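Hi,

Here's the structure I promised to pass on. Have a look at it first, then read my notes below.

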Amino acid sequence: MPTMKDVARLAGVSTSTVSHVINNNRFVSESVREKVTSAITALNYAPSALARSLKLNQTRTIGMLLTASSNPFYSEVVRGVERSCYERDYSLVLCNTDGDENRMNRSLETLLQKRVDGLLIMCTESHLPSPDILNRYPAIPTVMMDWSPFDGGSDIIQDNSLLGGEMATRYLISRGYNRIACIAGPQDKTPARWRLEGFYQAMSRAGLNVPPGYVVTGDFEFQGGYNAMNQLLALNPRPEAVFTSNDAMAVGVYHALYQAGLSVAKDVAVIGYDDIELARYMTPPLTTIHQPKDELGELAIDTLIHRMADPDGSQQLLVLTPELVERGSVAER
């Protein structure tokens with residue numbers, strides 16, 4: 001494999017001149033540039049990213065650990081992260097942990113061994129990344145996305161799920177609904193716990209009871225919402241409205257209502273959470289709580305870059321504000 005020295009020898013210039021031509025970071029006369037370019041073509045030379053990273057002590061690469069699923073929320077967050085990396089001239093290496101602790105820690109070790117410049121972690125809280133592995137690479141900053149405070153110096157970015165859950169429930173109450181159920185997310189996730197707490201707070205402040213069976217725990221997936229809605233439909237009386245703790249489960253709720261011969265909004269009001277792209281194309285379009293997914297990705301990357309520049313700064317907890325998006329799945333009573 002040809003090296004930069006081979007290119008310099010063939011072009012009759014120094015290796016630093018070859019570097020300046022490749023990186024376009026200093027003036028080089030057009031005649032010299034042509035000699036270097038011709039030598040590169042003749043030798044079929046490709047610059048070594050590894051050599052460059054060793055010299056600069058950075059790889060321009062960010063690693064991300066993610067528990068991927070059928071829930072479109074995660075793919076939309078990753079899309080925002082990848083776009084932000086590209087705009088800042090970084091590459092993204094994505095590892096799916098599949099909810100497995102051993103797989104997560106193996107992927108974590110692999111990313112850190114490859115000397116990524118920074119690390120994003122968006123996994124289940126029931127399996128925390130190994131502190132021993134993280135401590136072996138103290139110079140690599142990490143950002144936890146959508147998690148509660150973590151024992152360590154990692155920065156944390158999350159949405160205000162308590163406020164979002166309260167907003168969703170208050171909206172249903174304001175539209176005249178009293179018998180309101182909640183399909184909660186998995187309670188090993190802080191956002192799911194806070195959304196459920198927001199539901200309880202709004203109901204309590206409105207003086208409304210939550211009847212037995214009106215809170216069902218789902219898994220943030222389509223099937224979980226479908227199963228939970230069928231449980232709620234078996235109740236007597238059945239709920240007039242349902243706060244579904246994410247949009248993926250709301251898709252399952254729609255399907256359960258359709259199979260039961262009931263109409264969304266007309267028979268049972270439904271409000272979701274996340275505002276995934278699919279939400280606006282459902283029938284009727286889903287009223288939901290918007291999570292700023294693009295901003296989440298952008299903020300995560302900018303926080304990592306800031307931490308690289310200031311590794312000794314204090315831990316940051318950044319909270320994004322949710323917004324209500326009114327569509328057609330909640331009628332006025």
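**What I found**

Let's start with Leu257: if you skip its neighbours within four places in sequence, Leu257 is in contact with Met229, Leu233, Leu262, Val264, Val268 and Val270. Keep in mind that this is a predicted model.

The largest nonpolar core has 44 residues, and Leu257 is listed with Met64, Val81, Leu120, Met122, Met145 and Val270 as having the most contacts inside it. Among the elements that give two or more residues to this core are strand E1 (61-66), helix H5 (72-87), helix H10 (222-233) and helix H11 (247-259). Another core lies apart from that one, with 19 residues, including Tyr177, Ala269, Ile271 and Val330.

Next, find Asp275 in the loop between strand E9 (269-274) and strand E10 (287-290). Is Asp275 buried or exposed? Its relative accessibility is 9%, so Asp275 counts as buried, the cut-off being under 20%. The side chain of Asp275 makes a polar contact with the side chain of Arg327, at 3.0 Å. Beyond four places in sequence, the residues in contact with Asp275 also include Glu76, Asp247, Lys293 and Gln291. Gln291 sits 16 residues from Asp275 in sequence, yet their C-alpha atoms are 6.4 Å apart in space.

Last, the helices. Helix H1 (residues 4-11) packs against helix H3 (residues 30-43) at about 125°, and their axes are 9 Å apart. That angle makes H1 oblique to H3, and the crossing is right-handed. Val7 and Leu10 of H1 are among the residues making the contact, as are Val36 and Ile40 of H3.

Cheers

Technical notes. Residues numbered from 1 in each chain as written. Predicted model: local features only at pLDDT ≥ 70, side-chain atom pairs only at ≥ 80, totals over all residues. Heavy atoms only, no water. Core = buried A, V, L, I, M, F, W, Y, C linked by side-chain atoms within 4.5 Å. Buried < 20%, exposed > 50% of the residue type's maximum accessible area, 1.4 Å probe, protein only. Helix = DSSP H or I, 4+ residues; strand = E, 2+ residues; numbered from the N terminus. Contact = heavy atoms within 4.5 Å. Polar contact = N/O pair within 3.5 Å; in protein donor to acceptor, adjacent residues only side chain to side chain. Axes fitted to C-alpha atoms, helices over the stretch in contact; angles between N-to-C directions. Parallel < 35°, antiparallel > 145°, perpendicular 65-115°, else oblique. Left-handed = near helix turned anticlockwise from the far one by under 90°.
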